[in-house]
Amino acid sequence: MNTRVRYAPSPTGLQHIGGVRTALFNYLYARSNQSGKFILRLEDTDRTRTDESYVQNLYDTFNWLGFKWDEGPDCGGQYAPYIQSERSNLYKKYTQELLDNGHAYYCFCTAQRIDEVRQQREAARSSESGYDRLCRSIDPQEAAKRSASGEACTVRLKIPLGKTTVFHDHLLGNIEWKNDDINPDPVLLKTDGFPTYHLANVVDDHLMEISHIMRAQEWLPSTPLHVIMYHAFGWTPPQFCHLPMVMGQDGKKLSKRHGATSIDEFRKQGYLPEALINYVALLGASYEEGSVSDKHPDLYTLEELSQHFSLEKLNKAPAVFDYKKLEWYNGQYIRMKTDEELAALCLPYVINAGLFGNGENAKPTAQQLQTFVSSMALIKERLIFLSEVPEKIAYLFREPEVPAAEEFIPKKCDLARTIELLQIGKELVRSLAEKPDDEAAENFIKAEAEKREIKLGDLMMPLRVAITGSRVSPPLFGSLRILGAECSVNRIEKAIGSLG
């Protein structure tokens, strides 16, 4: 059997972590099997909530993440079209087939009547729910005439009564589901001629020869209904694998209250696609050795994840989304970038922040660009998000405001002594800026501090604040080399003048 899996999102919202995890697992499973195919299908049967902006967001998201489907709306394939709204005639054809073989029936109940039944049950505190099957007893020929005459109707599936539906799940094993617990006779075709999710899903999975359905466990209650439909058509169901849920630290389903969930939010914060893919791939799955890093065996390329992915290594228990762990991954991948690669990734954030001037057309000069690339070495080791870069390096492009006096003053020193320390620092800055590396600069200033019987920390702190505008900043020696002696001296003089 050829391996064919699919990601079938509804374009009614932004792409989020749960959906991307489902898509990624399907992609990895396809790639782990020789000649496996990964298919994208847009399930846009919810016409009131479907929006083209969400379709574009889907394409943008996966272009950014860097993994792609083999067949889909944008690239075609032998089972096109891959958009459900363009397959309406197929759904009508197969609905008629179910009507003809007695597995479905016309329903003429209005939304008002169904709502009245619901209200009556609530008033009577009845345990019954769902449709009351009123139209199931209408003679099929009479019902067909009423439909042909133009009377508004839906088509409903006949759920076999008093039976149990059994199916196997790769992760959960054999599952038995009483038909009495399934939504009573659900609608297959709506009054507007559009299919419901259930009908379109089953028909498309069969016609597109989907071999494995891998989706979140929240869809498990739909599976007995789908199995009944497969049997009604006389088709063999695909193999099912319901993936573990993704939860927050509080044990509840991951949502906005836990933090960012849409991929757009992660992207804007400055996460790298490699970090997101690597971490998401570990949510509910384990992998063998073979990572890109000997020091960190949990770092995998997309190719390595594909090689080691297996249904047998999925976990039944829900996966907990740990934002701190994702931050760690992001930091690791940032540090694996060259300065030039990192600068290219950070450039949009810096332009947005106005470090190279204001306006949409603000572009760095050659000198600014050189300074920008050089600054990557200063911040790379302590960077978590790309979005942090503008604030961390702003002092290299704009002279910072002189902070309050207390920011300059080391412990057990007073203002007068701090000014003296800045004067000494001013004398040393030219030599420091000329040192070829941090080690040489550190050896020089240590020797000078010892010679003057000054604590190194007392000498360094006021100097750092004067030059960078903050007690906490990227490495001072590297900053001096980038800014140059003249700029550094001017900032120290300005600080001394302000304090004096």
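Is R481 buried, exposed or partly exposed? R481 is partly exposed, because its relative accessible area is 30%, where buried means under 20%, exposed over 50% and partly exposed in between (1.4 Å probe, protein chains only). This report concerns a predicted model, in which local features need pLDDT of at least 70 and side-chain atom pairs count only at pLDDT 80 or more, while totals for chains, interfaces and linings use all residues. Residues are numbered from 1 along each chain as its sequence is written, and side-chain values use heavy atoms, with hydrogens and water left out.

**Salt bridges**

The whole structure holds 31 salt bridges, each being a side-chain nitrogen of Lys or Arg within 4 Å of a carboxyl oxygen of Asp or Glu. The table lists some of them.

| Pair | N to O distance | Accessibility |
|---|---|---|
| R4 and E71 | 2.8 Å | both buried |
| R41 and E43 | 2.8 Å | both buried |
| D438 and R481 | 2.8 Å | D438 33%, R481 30% |

The partners D438 and R481 form a salt bridge. This pair links distant parts of the chain, with D438 in helix α17 (residues 438–451) and R481 in helix α19 (residues 476–483), 43 residues apart. Helices (H or I, at least four residues) and strands (E, at least two) are DSSP runs, numbered from the N terminus. Through shared partners, salt bridges also join R6, R41, E43, R87, D204 and D205 into one network.

R4 forms a salt bridge with E71. That pair likewise links distant parts of the chain: R4 belongs to strand β1 (residues 4–7), whereas E71 lies in the loop between α2 (52–65) and α3 (88–100), 67 residues apart.

**Nonpolar cores**

A nonpolar core is a set of buried Ala, Val, Leu, Ile, Met, Phe, Trp, Tyr and Cys residues joined through side-chain atoms within 4.5 Å. The largest such core has 105 residues, of which I17, F67, F321 and F372 touch the most other members. Helix α1 (residues 17–32) gives the most to this core, with nine residues. Leaving aside residues up to four places away in sequence, I17 touches V246, L254, T261, I263, F266, L276, V280, L283 and F321, a contact being heavy atoms within 4.5 Å. Apart from this core lies another, of 43 residues, including A104, C153, L188 and M208.

**A strand pair**

Strands β5 (residues 164–169) and β6 (residues 173–178) pair in the antiparallel sense over six bridges; pairing requires that DSSP finds at least two bridges between the strands. V166 has E176 in β6 as its bridge partner, and a hairpin of three residues joins β5 to β6.
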